[in-house]
Amino acid sequence: MGQYVAPIRDMQFVLHEFLKVEEELKSLPDYAEVDADIINQVLEEGGKFTAEVLFPLNHSGDREGCKHDAATHTVTTPKGFKEAYKQYVEAGWGALACDPQYGGQGLPVVLNNSFYEMLNSANQAWTMYPGLSHGAYECLKEHGTDHQKEVYLPKLVSGEWTGTMCLTEPHCGTDLGMLRSKALPQEDGSWLITGNKIFISAGEHDMAENILHLVLARVPDAPEGSKGISLFLVPKFLPKADGSVGERNPITCGAIEEKMGIHGNSTCQMNLDGARGWIIGQPNKGLNAMFVFMNAARLGVGMQSLGLTEIAYQNALIYAKDRIQMRSLSGVKNPEMPADPIIVHPDVRRMLLTGKAYAEGARAFTSYVALQIDRELHHPDEEVRKEAADEVALLTPVIKAFITDNAWIATSEAMQVFGGHGYISEWGMEQYVRDARINLIYEGTNTIQSLDLLGRKILGDNGAKLRKFGEKIKAFVEDNGTDEAMSEFVTPLGDLGDKVTKLTMEIGMKAFQNPDEVGAACVPYLRVVGHMVYSYFFAQMAKIALAKEDSGDNFYKAKLATARFYFARLQPETATLIRQARSGSANLMALDADLF
Ligand SMILES: Cc1cc2nc3c(=O)[nH]c(=O)nc-3n(C[C@H](O)[C@H](O)[C@H](O)COP(=O)(O)OP(=O)(O)OC[C@H]3O[C@@H](n4cnc5c(N)ncnc54)[C@H](O)[C@@H]3O)c2cc1C
């Protein structure tokens, strides 16, 4: 059933050569001790754990799925999931990038990021259980009271308890302003919450002794819409004073969903029948607090798709070297066999390189943003923290939508490399395609990410954040513009940067006349911005590779070839995307709904 080998060489290239993380981390006092040895050791051990413990459960977990028992409201996860989670907790993996004050290991986000890529390559469905706990940890750490932090954070950090995000209700997913769950205040300061939540990932399972649900609900007399939403902490079992689990809280799983992919993760209908909870942050400011969780989760979904792109590519590559079929157009390559391996065929190479380029682009992109998060949280200079925070805000919707769209393409191409065998479940390739599909939908659909990028993050601040990022690109283009060897990378990068500036101004002007112009342009626009980011990163990586092309290490030759493929075959789609984004809203809005 295929194989997984963590791409440690490329991770090391991104961390040590592209981002020079050791130097960067030295400017963050909390991480000054983190050196290359520590980083490499975590990568090695993480690679072993994910390949040996989690990957073997991926296909079986998909086949078996989760089981719900309506009488007891319990959910059983696939065979081996619980034991793997125990190993994960015992090894302290969940605590890697958490605050030592709560039992964490205090390592940087950028390192945890690489580990999450491995987890998701090995088993996305399994990874969602600890992944959601980490989002809950971030949210509670930023908005919880001291008491809440003291009681709950050590349990989340150790992994003894897991977390969920309970936002969606049957009548509202995107438009959370319509949610109806209600919270009634109690004399002891707690709240009793009643309502129905749907599609709650990891809402019920058998892997941990307690589950902390972060639930959105309305307090009495709350204003209508999104300004009237509050956030509550609702444990499955109420904690006793000594930290052990006590009384069962009436927040129960009524059913689990049958779905297209991620079968190993329970997607639960959760019923709250006067469940006891405690408010996180201020009443009616819950969406604001929940955004910490949602942003972490959006980056996490990007990581899911990077993981799937990598594993699908790896397995397609093995198959393409092994499967023999037809002869090479340019003459027999393998005379001792009745046919040549399919990797000789140009279009098979196109499919493989698509996966390779999208994996390497996403690895550089997500690692870069993770390092910006470390700077945002830990840099001693407030100005640097603010700049990093702005960049993370700008790039988060691009990570979520661009990487997940690309993974949908890349996993499908990887499956295609297998021909009919890709469609047969035994080979495992069709699972990657199915698992990848949800990533375009949850955590705010990719359309919503595109609206967030263009409407809020770019036009909403008159392009200030985008300009700042654009200045970095301009500086790189200026610094390298006269280097002939770099012109094949720098010229298309500079050209695309200029086009993005013009396109943004044009849409901004049109949006003054008609706000639908933003909705009509945003999806192709986000893809164009995604390509601008990848062009910038591939150009930088190509520069490093050019300098080491003759070092005898073939890694750099491969990196250059991938960058060249990216600029020749993937980036040019921006021409079409820009035409689409510029075409305006009339071609979408002219048709009366009755005439569809
Ligand atoms: C497997 C799975 C796991 C999930 N896990 C969780 C979880 O853990 N917690 C949780 O709270 N939720 C979870 N969800 C819910 C998920 O986040 C929502 O399904 C998603 O946000 C979309 O909401 P919806 O399904 O109600 O679609 P709708 O909001 O009804 O949207 C339908 C379509 O309309 C489009 N649309 C809506 N508004 C606009 C607009 N203004 N402009 C343009 N297009 C628009 C959407 O993009 C979408 O294509 C999960 C869902 C699934 C399937």
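Buried area, as I use it here, is the accessible area that two parts lose on being put together, summed over both. I'm noting that before anything else, and also that this is a predicted model.

**Entry 1: domains.** I started with the domain assignment. It gives domain 1 as 8–66 + 74–143, domain 2 as 161–285 and domain 3 as 445–589. I picked domain 1 and domain 3 to look at together. Their C-alpha centres lie 30 Å apart.

**Entry 2: who touches whom.** How many residues of domain 1 are in contact with domain 3? I got 5, and they meet 9 residues of domain 3. On the domain 1 side, the touching residues split into 3 charged and 2 nonpolar, with no polar ones.

**Entry 3: area.** I looked up the area buried between domain 1 and domain 3 and found about 690 Å². Carbon and sulfur atoms give 67% of that. Which residues of domain 1 lose the most area to domain 3? They are Arg9, Phe13 and Phe18, and together they make up 71% of what the domain 1 side buries.

**Entry 4: charges and polar pairs.** Next I checked for salt bridges across the interface of domain 1 and domain 3, and the rule finds 3. I also looked at Glu17, which forms a salt bridge with Lys548; their closest N and O atoms are 2.8 Å apart. For polar contacts across the interface of domain 1 and domain 3, the count is 5 residue pairs.

**Entry 5: cysteines.** How many disulfides does the structure hold? My note says 0. Cys66 is in no disulfide, and its nearest cysteine sulfur belongs to Cys268, 7.7 Å away. A disulfide needs the two sulfurs within 2.5 Å. Is Cys66 buried or exposed? Its relative accessibility is 14%, so I put Cys66 down as buried. Cys172 is in no disulfide either; the nearest cysteine sulfur there is that of Cys166, 13 Å away. I have Cys172 down as buried too, because its relative accessible area is 4%.

Definitions and conventions
Residues numbered from 1 in each chain as written. Predicted model: local features only at pLDDT ≥ 70, side-chain atom pairs only at ≥ 80, totals over all residues. Heavy atoms only, no water. Buried < 20%, exposed > 50% of the residue type's maximum accessible area, 1.4 Å probe, protein only. Domains from an automatic or database assignment. Contact = heavy atoms within 4.5 Å. Buried area = accessible area lost by both parts, 1.4 Å probe. Salt bridge = Lys/Arg side-chain N within 4 Å of Asp/Glu carboxyl O. Polar contact = N/O pair within 3.5 Å; in protein donor to acceptor, adjacent residues only side chain to side chain. Nonpolar A, V, L, I, M, F, W, Y, C, P; charged D, E, K, R; others polar.
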